[in-house]
Amino acid sequence: MHLIRLINATFFAHHGVSTEEKRTGGRYEVDVEVMLDFEAAAREDDLNQTVCYETIYQVAEQVIMGGKFDLIERVAYLIANEVRKLSVQIQYVEVSVRKQNPPVKGTVDYAEVTYRSDVLKGD
């Protein structure tokens, strides 16, 4: 098995529990890791035998920009499940979502969640 990773895709979006967070928005970063067998794609130089990282980016963008969610957990879950649909070759998808400067009483660079969807286990 092989990995495709999209690291630190950055978006300005409007998520959060508070009305203020949803109104003002904030910076979010997304990492996506996909495990699949892309041996044939590499051997034959054939994009049709793998998952295009541009498509993975588009999925992440559509999810994170397409709604206002309370939880970044929900954002990670939705991205992972949409990416899973891209190919039957995918063994798992792991998505991390970071919220820069989360509203906490203290100094924090970001809050981060990671969601992993194992296709073989049906998670």
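This is a predicted model: local features need pLDDT of at least 70, side-chain atom pairs count only at pLDDT 80 or more; totals for chains, interfaces and linings use all residues.
## Helix H4

Helix H4 covers residues 72-84, a run of 13 residues. From its first C-alpha to its last, H4 reaches 18 Å, close to the 18 Å expected at 1.5 Å a residue.

The buried residues of H4 are Ile72, Val75, Ala76, Ile79, Ala80, Asn81 and Val83.

The structure holds 12 salt bridges. One of them joins Arg98 and Glu29, with the closest N and O atoms 3.0 Å apart. Arg98 lies in strand S3 and Glu29 in strand S2, so this pair ties together parts that are 69 residues apart in sequence.

Both Arg98 and Glu29 are buried. They also belong to a network of salt bridges that links Arg27, Glu29, Asp31, Arg98 and Glu112.

## Salt bridges with exposed residues

Lys85 and Glu82 meet through their side chains in a salt bridge, at 2.9 Å from N to O. Lys85 is exposed, because its relative accessible area of 61% is over the 50% cut-off. Glu82 has a relative accessible area of 35% and is partly exposed.

Another salt bridge is formed by the side chains of Glu44 and Arg43, at 3.9 Å from N to O. Here Arg43 is exposed, with a relative accessible area of 57%, while Glu44 is partly exposed, with a value of 47%.

How values were computed: Residues are numbered from 1 along each chain as its sequence is written. Side-chain values use heavy atoms; hydrogens and water are left out. Helices (H or I, at least four residues) and strands (E, at least two) are DSSP runs, numbered from the N terminus. The expected span of a helix is 1.5 Å times one less than its number of residues. Buried means under 20% relative accessible area, exposed over 50%, partly exposed in between (1.4 Å probe, protein chains only). A salt bridge is a side-chain nitrogen of Lys or Arg within 4 Å of a carboxyl oxygen of Asp or Glu.
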